[in-house]
Each structure stands twice: as structure tokens, then as C-alpha cells.
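Good morning, colleagues. Please look at the structure on the screen while I go through its charged side chains.

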Amino acid sequence: MAIRQLSETLINQIAAGEVIERPASAAKELIENALDAGATRIEIATAGGGKALLRVSDNGSGMDATDLELAVRRHCTSKISETLEDIRTLGFRGEALPSIGSVARLSIASRRRDSTGGHEIAVAGGKIAHMRPAAANPGTIVEVRDLFFATPARLKFLKTEKAEAGAITEIVKRMAIAFPAVRFVLSGSDRTTLEFPATGDDHLARMAQVLGKEFRDNAIALDAEREEISLTGFAGVPTFNRGNSAHQYAFVNGRPVQDKLILSAIRGAYAETIPSGRYPVAVLSITLDPALVDVNVHPAKSDVRFRDPGLVRGLIVGAIREALTRDGSRAATTGASDMLRSFRPGFQPNSQRPQGGWSAETSPSRPYQPTSGFGERPQASFDGLSMPTARAEPQFSPQPTAPESTARYPLGAARAQIHANYIVAQTEDGLVIVDQHAAHERLVFEAMRKALHSKRLASQVLLIPEIVDIPEEDCDRLMQHAAELSELGLAIERFGPGAIAVRETPAMLGEVDAHGLIRQLADEIAEWDTASGLSAKLEYVAASMACHGSVRSGRRLRPEEMNALLREMEVTPGSGQCNHGRPTYIELKLSDIERLFGRS
């Protein structure tokens with residue numbers, strides 16, 4: 001079969017299949033162009049989920065007739081010169097507009113700020129129409145109609161109009177977080193209008209617009225730097241989590257990305273603090289020399305490749321864990337809101353209406369005769385207990401001390417224990433309810449984790465070394481981390497070109513599947529160039545042991561024991577949630593309590 005040169009239209013349609021996957025892809029490219037043009041106001045309108053109409057208007061620098069004619073031709077761009085090592089703009093390939101024009105009906109009207117008139121050009125199915133003068137405000141209006149009309153097979157792979165509209169909304173949200181000084185408006189016949197007013201340099205205010213006002217109260221600031229790579233942003237406290245990862249946003253040099261390395265680092269940083277199936281809320285911004293990151297690895301530019309991925313991952317994990325240690329033990333403010341919603345008035349005539357007619361025994365107007373709660377018989381079982389006092393004892397103090405002000409202690413002073421599991425403590429401006437088992441479980445786990453990292457872990461020598469056959473390149477990677485693995489109690493040696501001999505395993509792990517462990521470590525090191533898998537296994541074992549060694553639910557505690565538990569929680573990192581990610585305490589402000597009783 002003879003080789004022939006493809007037509008320009010077919011080349012553009014092939015490129016469009018890589019760059020423009022769906023309406024959201026087109027929206028992303030057009031918004032990036034507007035931002036690169038210096039726009040401070042961007043308006044996006046859609047119809048039919050972006051398939052029937054996608055219009056992006058901006059007040060950027062605009063284009064003259066010459067630039068407008070080049071803009072719809074492939075590989076024409078004003079954003080790079082001769083190298084890809086110093087990319088400082090969102091777009092740089094010069095493929096987006098010609099790709100869109102090859103599969104849709106595209107029109108662009110633009111005017112420079114210093115020009116008295118504008119121009120318009122149109123492209124339909126790859127055919128460029130003649131330039132013509134047009135009335136236009138300074139800036140650019142790009143209108144895309146009938147997306148994929150020239151490639152109808154692509155339409156079959158698109159989702160519903162609602163799903164495509166939702167994908168465009170997500171793109172706008174990511175761009176809005178990355179550029180808080182820009183006003184974004186998203187409207188159209190297929191949606192309700194969404195507006196993000198400009199917030200200037202107040203990034204947290206813009207995040208609150210996108211993620212909800214609760215994020216402001218539950219976010220911890222991040223600011224870290226390592227070897228000329230800086231990380232800023234905000235991470236939510238562990239108890240402020242969501243059911244999916246859609247609330248995790250990452251930016252590299254201002255570019256929104258969905259990079260697997262960054263998402264994995266976020267997941268690793270929150271290990272042992274988030275329940276299974278729940279996801280943290282985080283907004284991370286990484287800034288580094290453009291020469292140290294490759295943004296040209298995927299046509300959609302959503303994936304990046306770092307020159308030193310281990311350094312970036314370590315920076316993210318370290319910064320988030322340091323922030324959680326510093327300020328992550330507090331309970332989410334949403335806990336109190338959920339608690340308030342669970343309260344109901346005690347007298348509900350409609351729900352207490354008798355089914356079989358009126359009787360004196362069942363009438364809601366009968367004299368009060370308690371059958372549970374504070375009645376004398378139910379309360380008799382509490383007679384043998386000593387009543388807690390407001391005295392806040394120092395940690396493990398052998399002798400009672402004089403009463404202290406609750407202002408000195410964030411978790412206050414223990415007042416009562418209810419249902420043999422929950423400690424009620426009074427703080428300076430409210431009360432705290434503590435799950436004693438979950439709280440002590442966390443304290444025990446943190447003590448064991450500290451012991452893990454303070455010295456070489458005990459190991460058990462195998463009577464007969466386990467020989468694990470793996471590829472030679474995996475052997476090389478594992479041997480580079482042999483010393484690190486030895487500190488964790490795993491002693492390995494090279495056993496020929498394609499095998500590893502396991503001579504010692506961590507004693508904490510008991511009987512170990514050496515083959516599975518070595519292969520898992522080899523895979524992890526190959527992907528991330530780290531050896532944290534073994535540490536994660538050990539901490540998982542420590543978490544399980546802590547669960548069985550902590551104060552059990554149903555145990556009645558003395559007042560000094562309750563206060564000692566509160567004091568230790570105040571000085572233990574991560575005490576706001578147990579090893580499984582559930583909250584260990586809920587704080588209710590006095591203003592919330594007064595609102596329950598209609599006093600505010």
C-alpha cells in the first residue's frame with residue numbers, strides 16, 4: 001500500500017481527537033487562551049451541555065486581523081519561541097483553535113484595546129472563511145457551535161447533556177481557584193448561572209466561593225519549600241472530608257492539573273486519618289522552575305512529569321503532615337452543625353397521636369411520668385459512681401490539684417460520663433463530647449508510631465532465607481534502599497542477577513508473605529522511587545494493636561482518668577480523629593446551645 005500525505009483537514013481532525021475530547025476540553029482551551037491574553041473578566045455560555053453552543057468572552061488584549069488569521073492555523077502561537085524548557089503560559093502548542101474549527105463551526109471576533117474596530121473570522125469543518133470587519137468590544141469572543149458535527153462518530157461517545165455541562169462547570173471551578181483576581185461567569189440555557197467575583201490576592205476567599213464557606217473554617221494553611229520547589233495552599237482538617245476526590249485541586253505554576261503523583265501524595269499524607277471511602281479536601285499550588293517540569297506529556301496538558309518526582313512527593317506529604325500535626329487535631333466545624341440538626345423538640349403532638357382513640361394513659365396532655373432518662377429507677381444504677389468535678393488534673397497527676405480554669409485547656413474539664421463511652425467536658429465557651437475509645441485508640445497508636453521511628457525495629461531471622469525472583473531492574477532498585485529497609489527490620493541481599501534473598505523480616509508483622517511484600521515494594525519503588533510501603537504496613541499493624549489496647553467502650557472512668565485523657569489529647573498530634581478517620585470529639589459552642597433553646 002502506497003504512503004501518501006494526509007490532507008490538512010484530516011490532520012486537524014486527528015489532532016482534534018487528542019486535544020478536544022469533549023465540550024469541557026474545548027472550554028478549557030478557550031479559557032486558557034483568555035487568561036494568557038490577560039483577561040480580568042471571562043464569561044462562558046453553554047447550550048446542550050456545550051455540544052450545541054460554547055461561547056467564551058473576555059476583556060483581554062485582543063487580536064488584530066493578522067493575528068486572527070494566523071490563530072486558526074495549526075502551530076501558530078505567540079506563547080513560545082524555539083524551546084519548550086521555559087513555558088510560562090497555559091497554552092503553547094497552537095493546536096486548540098484549528099482543532100476545534102476542524103470538527104465544529106467556529107467563529108472568533110476580536111479587537112485590540114488600541115484599535116477603533118474589530119475583525120471576525122469563521123471556520124467550519126476545517127474550511128476557513130474570509131476575514132471581515134466586525135463591531136466588537138476590546139477583547140475576544142470565541143463561539144463554538146455544533147461541536148463534532150464534522151466527526152459524528154465522536155458524538156456517540158459523549159455523555160448526557162447534564163454530564164457534559166457538569167464537566168464544564170468543574171473546569172471553570174478549577175480555573176477560578178487558580179486565578180482569584182479574575183471574575184468568572186458561567187451561564188446558559190442548560191444551567192443556572194454561576195458567578196465567581198474576583199477576590200484579588202485573597203485565595204482563601206475564592207476557595208470558599210468554590211468549595212463552600214465551611215472550607216474557610218476547616219482549612220489549614222500550607223507553606224513549605226524544598227530545593228527551590230515551593231508549595232502553598234490549604235488542606236482541610238481530616239474530619240472535614242468528602243465522599244469522592246472531586247474536592248482535591250492541584251496547580252503547577254498556575255496550571256490546573258490532575259496528576260497521579262500529586263493525588264497519591266495527598267492520599268499518603270492523610271493515611272490513618274481519613275476513613276476508608278472518604279477523601280480529604282485540599283488545594284495545592286506548586287511553584288518551580290519551568291525547566292524542572294514537563295507539561296508537554298499529554299495533549300490535554302492535565303498530566304505533568306517532574307524531573308525529581310520523589311522530591312515533589314516528599315514535599316507534599318511532609319508539608320501536609322506537618323500542618324496536620326500543628327493544627328489538624330481540631331474537630332471539623334460541620335460536626336456541630338450535624339449535631340444541631342439531629343436535635344428535635346421533645347414534644348411533637350403529631351407524632352404522638354394515639355392510633356386507637358383517646359385514653360388518659362396515652363394522652364400527650366397527661367401528667368409527666370418519666371419512664372426513662374431521669375426517672376428514679378433508671379438513675380439508680382448511677383448511685384455507686386463518684387460524680388466528676390470541674391477540676392482539670394494535669395496528665396497522670398498522682399495527687400488532686402486545685403480547680404483550674406477551663407480557659408487553660410482547649411478540651412475543658414470533664415463534667416460527666418454518659419452511656420459508659422462518652423465524656424462530656426465543659427470548655428470556656430461551650431462543651432465537648434469525647435468518644436473515649438476512639439480518643440484513647442489514637443493516643444496509643446501515636447505512641448507506637450513514635451516508637452517505630454525512634455530506633456531500628458526488632459526483626460526475626462528466617463531459618464531458611466526466602467528467595468524471591470524478580471526482574472533485574474527491580475533488584476537494582478531494591479538494593480539501593482537496602483539500608484532503609486534494614487532500619488524497618490527487613491534485611492535483604494542480592495541473590496544472583498534476578499533474585500533477592502530475604503534473611504530477616506519485621507517482628508511486628510509476624511508471619512510474612514515475603515514474596516508478596518518484596519514484589520509490592522519493588523512496584524512501589526519503580527513508580528514513585530520510595531520505600532514507604534513497608535512503613536505503611538507496620539503502621540497498619542500498630543493501628544490494629546492500638547485498637548485492641550485502648551480504653552474499651554463501656555468502661556466507667558474516674559474523674560481523674562477522664563481529665564488525664566483530655567490533657568493527653570491536647571498534646572497529641574492527630575487526636576481529633578481515630579486511626580480509622582472517625583472524629584474523636586465534637587465541640588458545641590455556647591452560642592449553638594443557646595440557639596437550641598431560642599435564647600439567641
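Predicted model: local features only at pLDDT ≥ 70, side-chain atom pairs only at ≥ 80, totals over all residues.

On the surface, a patch of negative charge brings together D223, E225, E227, E228, D289 and D308. A patch of this kind is built from residues with over 30% relative accessible area and no salt bridge, with like charges joined within 9 Å. Asp and Glu count as negative, Lys and Arg as positive, while His and the chain ends are not counted. The place of a charge is taken as CG of Asp, CD of Glu, NZ of Lys or CZ of Arg. Accessible areas come from the Shrake-Rupley method with a 1.4 Å probe, and for residues only the protein chains shown count as cover.

Helices (H or I, at least four residues) and strands (E, at least two) are DSSP runs, numbered from the N terminus. E225 is exposed, at 60% relative accessible area; exposed means over 50%, buried under 20%, and partly exposed in between.

Residues are numbered from 1 along each chain as its sequence is written, and side-chain values use heavy atoms, leaving out hydrogens and water.

I turn now to pairs of opposite charge. A salt bridge here requires a side-chain nitrogen of Lys or Arg within 4 Å of a carboxyl oxygen of Asp or Glu, and by this rule the count is 24.

What links R41, E43, R183 and E195? These residues are linked in a network of salt bridges. Within it, R41 and E43 meet at 3.9 Å, N to O. R41 is partly exposed at 37%, and E43 is likewise partly exposed, at 35%.

Next, D146 and R105 form a salt bridge whose closest N and O atoms are 2.9 Å apart. Because D146 lies in the loop between β7 (139-145) and α5 (152-155) and R105 in strand β3 (residues 105-111), the pair ties together parts 41 residues apart in sequence. D146 is partly exposed at 34%, as is R105 at 39%.

Finally, R595 pairs with D592 in a salt bridge, at 3.1 Å between the closest N and O atoms. The two are 3 residues apart in helix α19 (residues 590-596), so about one helical turn separates them. R595 is partly exposed at 46%, whereas D592 is buried at 12%.

Key:
Buried < 20%, exposed > 50% of the residue type's maximum accessible area, 1.4 Å probe, protein only. Patch = residues over 30% accessible without salt bridge, like charges linked within 9 Å, V, L, I, M, F, W, Y side chains within 5 Å.
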